[in-house]
Amino acid sequence: MNHIHPIFDKILQREDKEAQLKQHSIVIWMVGLSGSGKSTLAKALERDLHDRGFLTTLLDGDNLRTGINNNLGFTEADRTENIRRAAETSKLFAACGIITICSLISPTEEIRSMSKNIIGANDYFELFVNTPIEVCEQRDVKGLYKKARAGEIKNFTGIDSPFEHPKAPSLEVRTDLHSLEDCLQQILTAILPKITY
């Protein structure tokens, strides 16, 4: 029987991965209403960090629902499970030293608290994209608010399903008051010190 040297019996630690990547991992959990600008900001943030040499991944409702969550609907239980799986996936990426950007409505304090508990408070950076519903409805990029108002979509967040404003987010940005560039700069100022090796 082969005897493996004890050092090879140990799983590589997060610190080993972070040292190789020369970055500290974090989960940037972006919350806000549909149309608030989460996806636009998430893409801009990922591009900027990539250009600076950071390894990132971006998880949003669309790419999660076509893959790992493709068996889930929009009931309250399914929405909670959607977020739980996203948080567990983010935790795995963080353990690999990867900076993870999650763009998910996450409408309630309970859901956000669950995510924070799964990921771990030290790795969880809650970014509230605070855009008034009137502005989100005016943008209505996907035509979802119009369908919700017409009764074609049930349990739509902000219309007939509640959105609770985060009580103490790590950072809050206002896409209705500031440009994309300004919001991005606010985010970078907050997170660069946390991820720089």
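This is a predicted model: local features need pLDDT of at least 70, side-chain atom pairs count only at pLDDT 80 or more; totals for chains, interfaces and linings use all residues.
**View 1. Five strands side by side form an open sheet.**
Reading across the sheet, the strands come in the order S2-S3-S1-S4-S5, and their pairing is parallel. Which strands stand at the edges? They are S2 (56-60) and S5 (171-173); each has a single partner strand, so one side of each lacks a neighbour in the sheet.

**View 2. Strand S1 pairs with S4 and with S3.**
S1 covers residues 27-31 and S4 covers residues 124-129; five bridges link them in the parallel sense. To find your way along this pair, look for Val 31, which stands opposite Phe 128 in S4. Another landmark is Met 30, whose bridge partner in S4 is Leu 127. S1 also runs parallel to S3, and four bridges join these two strands. Here, Val 27 stands opposite Thr 100 in S3.

Is S1 itself buried or exposed? Five of the five residues of S1 are buried, so the strand is largely enclosed by the rest of the structure. Both of its faces are covered: Val 27, Trp 29 and Val 31 are buried on one side, and Ile 28 and Met 30 are buried on the other.

**View 3. The loop between S1 and helix H2 (38-51) holds Ser 34 and Gly 37.**
An unreviewed UniProt entry places a "binding site" feature at Gly 32, Leu 33, Ser 34, Gly 35, Ser 36, Gly 37, Lys 38 and Ser 39. Of these residues, Ser 34, Gly 35, Ser 36, Gly 37, Lys 38 and Ser 39 are included in the lining of the largest pocket. Now zoom in on Ser 34: its relative accessible area is 17%, and because buried means under 20%, Ser 34 counts as buried. Which residues is Ser 34 in contact with, leaving aside its neighbours within four places in sequence? They are Ile 105, Cys 136, Leu 144, Tyr 145 and Phe 156. With neighbours within four places in sequence again left aside, Gly 37 is in contact with Val 129 and Arg 139.

Definitions and conventions:
Residues are numbered from 1 along each chain as its sequence is written. Side-chain values use heavy atoms; hydrogens and water are left out. Two strands pair if DSSP finds at least two bridges between them. Buried means under 20% relative accessible area, exposed over 50%, partly exposed in between (1.4 Å probe, protein chains only). UniProt positions are given in the numbering used here, feature names are shortened, and annotations may be inferred rather than shown by experiment. On a 1 Å grid over the protein atoms alone, a cavity is a set of points where a 1.4 Å probe fits but cannot get out, and a pocket is an open set with protein on both sides within 12 Å along at least five of seven lines; lining residues have an atom within 4 Å of a point. Contact means heavy atoms within 4.5 Å.
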